[in-house]
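Subject: Structure handover

Hello,

Please find the structure below.

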Amino acid sequence: MTMKMDRPKIVCLCGSGRFKQLFEDAEFNETISGKIVLTIGCNTKDIARDFDWVHVKSKLDELHLRKIDLCDEVLIIDKDGYIGESTTTEIAYAQSLGKHIRYYSKENL
């Protein structure tokens, strides 16, 4: 018989898709630390995909805000302190909800 654990924290990863490896590293590390991880489902910076992102970008941005609704905390993937327009919007949204916000650049000095 297995013991039921308390509900783990849910963390939402936000940041530029250009930092794909950092997203993967953060997803791994957060999961290993016992958290449920919500992350970008489609990377609009993925140059390997031949897809016209213009038609779905606003829907993906809105979907990511819903992930912020669900989470307990947000981890901003901000390599070298870079925060783009979409991530700035996500930070403001998370702040308006009182979510705890962490920054990758500050945790990985």
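Before the rest, the terms of reading. This is a predicted model, in which local features need pLDDT of at least 70 and side-chain atom pairs count only at pLDDT 80 or more, while totals for chains, interfaces and linings use all residues. Residues are numbered from 1 along each chain as its sequence is written, and side-chain values use heavy atoms, with hydrogens and water left out.

Cysteines

A search of the whole structure finds zero disulfides, a disulfide being a pair of cysteine sulfur atoms within 2.5 Å. Cys14 is in none either: its nearest cysteine sulfur, that of Cys12, is 4.0 Å away. Cys14 is buried, at a relative accessible area of 0%, and Cys71 is also counted as buried, at 2%. Here buried means under 20% relative accessible area, exposed means over 50%, and partly exposed is in between (1.4 Å probe, protein chains only).

Sheet

Four strands make an open sheet in the order β2-β1-β3-β4, with parallel pairing. The edge positions go to β2 and β4 (100–103); each has a single partner strand, so one side of each is left without a neighbour in the sheet. On average, neighbouring strands are turned by 25° against each other, direction ignored. Strands are DSSP runs of E with at least two residues and helices are runs of H or I with at least four, both numbered from the N terminus. Two strands pair if DSSP finds at least two bridges between them; β3 and β4 are joined by four. Ile76 stands opposite Tyr103 in β4.

Helix α2 lies across β1 (10–15), β2 and β3, and runs at about 145° to β1. Axes are lines fitted to C-alpha atoms, for helices over the stretch in contact (heavy atoms within 4.5 Å), and angles run from 0 to 180 degrees between N-to-C directions.

Salt bridges

There are eight salt bridges in the structure. The term covers a side-chain nitrogen of Lys or Arg within 4 Å of a carboxyl oxygen of Asp or Glu.

One of them is between Glu73 and Lys35, at 2.8 Å from N to O. This pair links distant parts of the chain, 38 residues apart: Glu73 is in strand β3 (residues 73–77), and Lys35 is in the loop between α1 (20–32) and β2 (36–38). Glu73 is buried, with a relative accessible area of 3%.

Two others involve Arg66 in helix α2 (residues 57–70). Glu62 meets Arg66 at 2.0 Å, N to O; the two lie four residues apart in that helix, about one turn. Glu62 is partly exposed at 41% relative accessible area, and Arg66 is partly exposed at 31%. Arg66 also forms a salt bridge with Asp69, where the closest N and O atoms are 2.6 Å apart. Arg66 and Asp69 are three residues apart in α2, again about one turn of the helix. Salt bridges that share partners also join Glu30, Lys35, Glu73, Arg102 and Glu107 into one network.

Regards
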